Structure formats: structure tokens, C-alpha cells
Amino acid sequence: MKLATWNVNSLAVRLPQLLDWLNAEAATSPVDAVVLQETKLTDDKFPRAEIEAAGYQVHFHGQRTYNGVALLSRGAAPLDVVKNIPGLDDAQARVIAGTVHGIRVIGGYFPNGQAPDSDKFIYKMRWQDALHDWVKAELAQHPRLVLMGDFNVAPDDRDVYDPVGWMNQIHCTPQERAQFQRLLGLGLVDAFRLFEQPVKSWSWWDYRNLAFRKNQGLRIDHILVSEALRSQVQACVIAKAVRKNERPSDHAPVLVQLGPA
DNA sequence: ATGACTCCCAGTGGGAGA
């Protein structure tokens, strides 16, 4: 079972790359479930037919210009689909969840936060509080759970190309990192760090400053797996090659391979 | 460096992203 998350930064622009990437992955083993972020499409404009033609069932929750998430499931339809965090009054489309092949999959596009002294940062903290409480409840019901997406948090200095320059900046504040640790405290583990990884592994590179060419980035896209799944995790990688596309997203996909129970 | 790039909605510029 292979699961993946990717912030596409506009699915209208990135649909060809999405289909190419899924096709390329299938050469080794097909991705069974995918969560997408920043689709930036209202539901009436979502390219359902193209994604279904690639062999996926798809659910989506979008809006104009910003945000927007989707859940792709190869073959079988996801069960018990949830859009946004139940109980949180939120105008922004940031969460989609469903049960895929017996695993509860939650895809999230965490708020950016803009700056630590901004109203958007306050929203980011409030949103993460709500997510934490909801994921706790989901875990009680679904011990086999994966929470993945664009967290907009670099959990550790080794997830930042310039930790001194980024100190206390957005994505690296103690408050954001504490929120990340709170999620782990629910009984989740950062799948990427279960394995020895290359130093300077990032999932996002700024479009500016030749950042990708210089490998100046952040690791802000994550896959957290529950304790019940931990022993099944066989690999977790960042598909850096996808960032080399002619017209790339600023994020690369992150994938996790789960073996049999 | 208040920049840089990309996307969007707009409309010959500006906000947001991270």
C-alpha cells in the first residue's frame, strides 16, 4: 500500500504533471491513495473525469483562488468521507479525509500563518488546536490512521536549509513546532524520520533565487502514521524529481510505503 | 534588500504563498 501527499499549487496548471507522476510511480508500484493541497478550484471545475480515467476515485473540497484539497483512491471508493474539521467554523477548504483500504487517511493543508505577529498566525494556531482535538477523536475510532499534507511547519532545524536565518520565522517558530509535537503526542510518528535520510532533504523550494538549483528549501510536507501502522512502514521518500518538471509546483510529493500487517 | 517567482483575479497592478 503506497500513500502520497502533494501540494500541487493549482491543479488547473498541474493536472498533466499529476497524471504523469502517477503513471511514473505505477512503473514500480501504483500509488493507492493521494491527498492533494492547493487545488485552487471550485468543485464545479474539478477535473474529475481525467482523474477517474487514470484509475482513481476522487473526492474534493475546493474554493476559488486559494486552498482546496482532494483525496484520490485507486480502485475502491473511500468510505466515510469528511470535509473540513467537524465543529470548526472555517470558510477555508483545508481538510479531506476518508477510509481507504482499511486505513483512515486525513489530508490537510495547514494555514501558512504569514508572520508570527499576524492575525493569520492566530488562525493557524486555532486551526491546529481544532485539528489536534479532531485527530485525537479519529484515532480513537480508527487506530490505523495516516495524517499527511502540507503542514507548513519545519519540525526541526535539520528541516531548514538556513536554520539561523529562519529562526523564529514563519514555519519555524517555537509555537508551530510545539503544535507539531502535540500531534506526535497523540500517538503519531513522522514516517520520514523512521529511516536514515539524506541531509538537506526538503519538500518545498522557493520559486525565487534559484532556490531549487541551490537546494535551499524546507521540509514542511509530512506523513504521520499511527502507532498501529508503525511496524508496517517500509519506506518514506520525497519525490524530488517532480520538482524538476518544466512547470513545477514549488512542493514535491512525499510518499510512504506500507507493507502487510 | 521592502527584491527575486508563480498563481490568481484582475485588467496594464497587487495579494498571497512560504
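Analyst: Take Val146, which, once neighbours within four places in sequence are set aside, is in contact (heavy atoms within 4.5 Å) with Leu3, Ile103, Arg104, Val105, Ile106, Ile223, Leu224, Val225 and Leu229. The model is a predicted one, in which local features need pLDDT of at least 70 and side-chain atom pairs count only at pLDDT 80 or more, while totals for chains, interfaces and linings use all residues. Residues are numbered from 1 along each chain as its sequence is written, chains are lettered from A and ligands numbered from 1 in the order in which they are written, and side-chain values use heavy atoms, leaving out hydrogens and water.

User: Which residues have the most contacts inside the largest nonpolar core?

Analyst: In soluble globular proteins, nonpolar side chains tend to be buried together. A nonpolar core here is a set of buried Ala, Val, Leu, Ile, Met, Phe, Trp, Tyr and Cys residues joined through side-chain atoms within 4.5 Å, where buried means under 20% relative accessible area, exposed over 50% and partly exposed in between, with a 1.4 Å probe and protein chains only. The largest such core has 28 residues, and Val146, Ile223, Val225 and Val256 have the most contacts inside it. At least two of its residues come from each of β2 (33-37), β4 (69-74), β6 (95-100), β7 (103-109), β8 (145-150), β12 (221-226), β13 (233-238) and β14 (254-258); strands (E, at least two residues) and helices (H or I, at least four) are DSSP runs numbered from the N terminus. Ile106, Phe110, Leu145 and Val153 are among the 23 residues of a second, separate core.

User: Is His251 buried or exposed, and what does His251 touch?

Analyst: His251, in the loop between β13 and β14, is buried at 4% relative accessibility. Beyond residues up to four places away in sequence, His251 touches Trp6, Asn7, Asp150, Ser203, Trp204, Ile220, Asp221 and Arg243.

User: Where is Glu25 placed?

Analyst: Glu25 belongs to helix α1 (residues 11-26) and is buried, with a relative accessible area of 15%. With residues up to four places away in sequence left out, Glu25 touches Lys2, Pro30, Val31 and Leu255.
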